[in-house]
Amino acid sequence: MLKEFFMGLSQNQLLNSTAKKYGLKLGAQHVVAGTNVAETIQSIKELNAQGISCTVDNLGEFVFERSEATTAKEQILEVIEAIHEHQADAHISLKPTQLGLDIEYDFCLENLREIVAKAHEYGIFVNFDMEDSGHLQPSFDILDELAKKYDNIGTVIQAYFFRAEEDLHKYKDYRLRIVKGAYKEPADLAYQEKSQIDQNYIQLIEWHLLNGKFTSIATHDHNVINHVKQFVKENNIPNDKFEFQMLYGFRKDMQLQLAREGYNFCTYVPFGQDWYGYFMRRLAERPQNVNLIAKQVFNKKTNTMIGLATGAFLLGRLTKRK
Ligand SMILES: Cc1cc2nc3c(=O)[nH]c(=O)nc-3n(C[C@H](O)[C@H](O)[C@H](O)COP(=O)(O)OP(=O)(O)OC[C@H]3O[C@@H](n4cnc5c(N)ncnc54)[C@H](O)[C@@H]3O)c2cc1C
């Protein structure tokens with residue numbers, strides 16, 4: 001129920017635009033590195049100093065205006081320049097819908113082409129994050145198109161999809177991030193049971209570690225991490241063939257510990273004004289994270305947000321019942 005509540009909120013466009021006006025609130029400042037490039041580069045440098053590399057995500061979703069997608073592209077180009085200028089150990093993660101996938105395929109393709117070309121010039125890798133099932137195939141298509149010219153790109157395989165194994169085999173020669181999957185997907189496309197998703201997740205990781213180019217294992221799940229540690233040891237898979245990834249602000253001690261143990265570790269560093277949908281999905285995944293917001297619950301603005309959030313959620317449910 002709580003999961004559904006936060007997932008519903010994450011997709012609410014009114015709340016998304018309202019949240020932008022308030023800056024980082026509701027505890028989002030613990031899991032979002034900053035609202036601008038300068039703050040974000042500072043956070044990256046601090047992580048780099050601890051032996052952790054970063055993948056930087058300029059937050060944004062629900063982009064239906066060309067001007068917004070163009071602004072997002074320019075912000076990502078600015079981040080690429082900043083990574084290069086500061087010689088930071090960092091690469092880019094981006095979401096195709098932020099760059100116009102819901103507006104027009106070709107428009108999105110050209111925006112991504114510009115980003116990938118600039119990153120290529122500086123030897124910076126670009127990861128295409130994977131979103132919900134409706135955007136899956138067009139995102140792969142853009143990847144295929146850009147791969148004809150550029151080799152600095154890779155993507156994500158979401159283990160909850162039935163098609164994940166087929167996609168993994170097809171894209172095995174890419175640098176791939178493997179995740180469980182963050183969106184609510186229908187039963188005809190995706191596993192619904194956590195045990196099934198976890199099992200598929202392990203199988204995909206093992207297969208790609210043995211057969212793929214480079215594997216990013218993106219999870220906060222210590223059981224998976226311990227399993228992978230054992231698996232790479234037994235199969236003599238060298239450390240330069242894989243890395244662990246976690247989100248900024250989550251399990252910080254474990255992030256540092258893995259880096260200290262000599263594993264490649266990469267923190268996913270989100271930044272920007274458009275933090276709301278990202279933050280709500282994190283609460284949906286792990287409602288315990290709600291304690292992040294508990295401390296702020298008596299803050300006046302926060303009360304406004306929570307009131308709006310609850311109202312919008314209830315309205316959404318009533319509308320669905322009709
Ligand atoms: C770097 C990164 C990039 C991602 N990119 C994408 C993407 O492009 N597309 C997409 O769909 N999804 C993406 N995700 C989200 C992913 O799909 C999962 O929704 C998310 O990671 C939650 O699953 P999990 O594997 O971390 O563990 P879960 O299955 O949520 O948790 C398993 C167990 O791990 C422990 N645990 C989990 N979190 C914590 C915590 N914060 N503190 C303490 N213990 C904890 C608990 O014991 C829990 O029961 C990404 C995740 C990461 C980390």
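F128 stands opposite T155 in β4, where helices (H or I, at least four residues) and strands (E, at least two) are DSSP runs numbered from the N terminus. The stretch of chain leading from β3 to β4 runs through helix α6 (residues 136-147), and this β-α-β crossover is right-handed; the term means that, with the strands pointing away from the viewer, the path from the first strand over the helix to the second runs clockwise. The model is a predicted one, in which local features need pLDDT of at least 70 and side-chain atom pairs count only at pLDDT 80 or more, while totals for chains, interfaces and linings use all residues. Residue numbers start from 1 along each chain as its sequence is written.

Now for the overall picture. Eight strands close into a barrel, in the order β1-β2-β3-β4-β5-β6-β7-β8, with parallel pairing. On average, neighbouring strands of this sheet are turned by 30° against each other, direction ignored; the axes behind such angles are lines fitted to C-alpha atoms, for helices over the stretch in contact, and the angles run from 0 to 180 degrees between N-to-C directions. Two strands are taken to pair if DSSP finds at least two bridges between them. As a general point, strands of a sheet pair through backbone hydrogen bonds, either parallel or antiparallel.

Back to β4 and its partners. Strand β3 (residues 126-128) pairs with β4 in the parallel sense over three bridges, and V126 sits opposite I153 in β4. On the β5 side, β4 and strand β5 (residues 175-179) are joined in the parallel sense by five bridges, with R175 in β5 as the bridge partner of G154. As for cover, six of the six residues of β4 are buried, a label given if 20 or more other C-beta atoms lie within 10 Å of a residue's own; 12 or fewer makes a residue exposed, anything in between makes it partly exposed, and C-beta atoms are placed from the backbone.

What about β1? Strand β1 (residues 53-58) has five of its six residues buried, so it is largely enclosed by the rest of the structure. Six bridges link β1 to strand β8 (residues 265-271), and the two run parallel; here C54 faces T267 in β8. From β1 the chain passes through helix α4 (residues 66-85) to reach β2, in a right-handed β-α-β crossover. A72 belongs to helix α4 and counts as buried, with 24 C-beta neighbours inside 10 Å. A72 and N58 are 14 residues apart in sequence and 7.5 Å apart in space, C-alpha to C-alpha.

The ligand comes next. A shell of 21 residues surrounds the ligand, and the closest are V179, A182, A218, T219 and H220; a residue is near a molecule or strand if its C-beta atom, placed from the backbone, lies within 6 Å of it. The elements giving two or more residues to this shell are β4 (153-158) and β7 (242-247), and β7 gives the most, with three residues. By type, the shell holds 10 nonpolar, five polar and six charged residues. In this scheme Ala, Val, Leu, Ile, Met, Phe, Trp, Tyr, Cys and Pro count as nonpolar, Asp, Glu, Lys and Arg as charged, and the others, Gly among them, as polar.

Helix α9 (residues 222-234) has 13 residues and reaches 18 Å from its first C-alpha to its last, close to the 18 Å expected at 1.5 Å a residue; the expected span is 1.5 Å times one less than the number of residues in the helix. After α9 comes N236, which has a positive phi near 50°. Q87, in the loop between α4 and β2, is not a glycine either, yet has a positive phi of about 50°; this residue is exposed, with 10 other C-beta atoms within 10 Å. R251 lies in the loop between β7 and α10 and has a positive phi near 40° in a residue other than glycine. With 16 other C-beta atoms within 10 Å, R251 is partly exposed. R260 is found in helix α10 (residues 252-260) and counts as exposed, having 11 C-beta neighbours inside 10 Å. R260 and G51 are 209 residues apart in sequence but 7.7 Å apart in space, C-alpha to C-alpha.
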